[in-house]
Amino acid sequence: MKLIIAKDYDDLSIKTAKIIAQLIKDKPNLLFCLPAGSSPLGMYENLIEMYRKREISFKQMTTFNMDEYVGLTKNHHQSYAYFTNKHFLQYIDVKENNIYRPNGLANDLSEMAINYSKLMQTLGGIDIAITGIGDNGHIAFNEPNETLQLNTHIVNLATSTIQANSRFFADISEVPSQAISIGMQDIFNCRTFIVVASGIKKAPMLKKFFDSSVLDPKFPVSFLHLHPNCLFIVDQEAISLCNQTIIQDNINY
Ligand code: GLP
């Protein structure tokens, strides 16, 4: 695992975008697994800016959305299909045919989920994925549970996640109770997996992650200790509760 400590959110967003841009320059036809959430917004803005300055092109890139609510149309203002389009895809030159999203309205959700993971592999596997960390330690929508799932699957959202995400909906009753998420094996198959965390709100999660290397399905992010190429990009506030010695030990191990 590698750790990059940025000064603040803007610095974190620039650093993350530069890493992605370099990966795209090295492999223009890469598969990019896209997150929702507020953490990656600055990264998206920086990537769009680089595209506008013609420093980078997404013409050959393929994207897979990382997760999605069950029951929302792709035009619903809170669906993750809408989110990734609104904040990133509509501004860049990625081809419509190369954009893949879990279908939260599929008749057979389980079959759709199985096929989604298969398609990622058939197309060559995810090169780069990014995610924030949920308030309960979830990654993508892999919620704390007795067990975790390997591949794309249907999730019953935790009460705390529904509560946390209700800030984006008019009323908590409108938050879907289920979602679709790529699974832990999908995450481990990503050639590069990046976690971004900014601000004091994320500090308890990072403290818990760096203080212990125990793998706990009730704290899904803990499994990233095992990922062969995982990078945490965090800012100073987010890392502020962590033990400095532990941080040093975790840089580049
Ligand atoms: C949602 C998403 C996650 C995201 C998390 C954190 O629940 N499913 O993929 O990481 O929110 O969001 P934020 O970055 O807004 O804190």
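## Residue classes around the ligand

Ala, Val, Leu, Ile, Met, Phe, Trp, Tyr, Cys and Pro count here as nonpolar, Asp, Glu, Lys and Arg as charged, and the others, Gly among them, as polar. With those classes, the shell around the ligand holds four nonpolar, seven polar and three charged residues.

This is a predicted model, in which local features need pLDDT of at least 70 and side-chain atom pairs count only at pLDDT 80 or more, while totals for chains, interfaces and linings use all residues. Residues are numbered from 1 along each chain as its sequence is written, and side-chain values use heavy atoms, with hydrogens and water left out.

## Who touches the ligand

Ser38, Ser39, Asp67, His138 and Lys202 come nearest among the 14 residues around the ligand (a residue is near if one of its heavy atoms lies within 4 Å).

Let's look at some polar contacts (pairs of N or O atoms within 3.5 Å). In the side chain of serine 38, an N or O atom is 2.5 Å from a ligand oxygen. Histidine 138 also brings a side-chain N or O atom, 2.9 Å from an oxygen atom of the ligand. Glycine 132 uses its backbone instead, with an N or O atom 3.2 Å from a ligand oxygen. The ligand taken alone exposes 390 Å², and the protein buries 95% of that (Shrake-Rupley method, 1.4 Å probe).

## The sheet

Seven strands (DSSP runs of E, at least two residues) form an open sheet with parallel pairing, in the order β1-β10-β9-β6-β2-β3-β5. Strands β1 (2-6) and β5 (99-100) stand at the edges with a single partner strand each, so one side of each has no neighbour in the sheet.

Strand β6 (residues 128-131) runs parallel to β9 (residues 192-197), and four bridges join them (pairing takes at least two DSSP bridges). Threonine 131 stands opposite valine 195 in β9.

Notes: A polar contact is a pair of N or O atoms within 3.5 Å; within protein, one must be able to donate a hydrogen and the other to accept it, and residues adjacent in sequence count only if both atoms are side-chain atoms.
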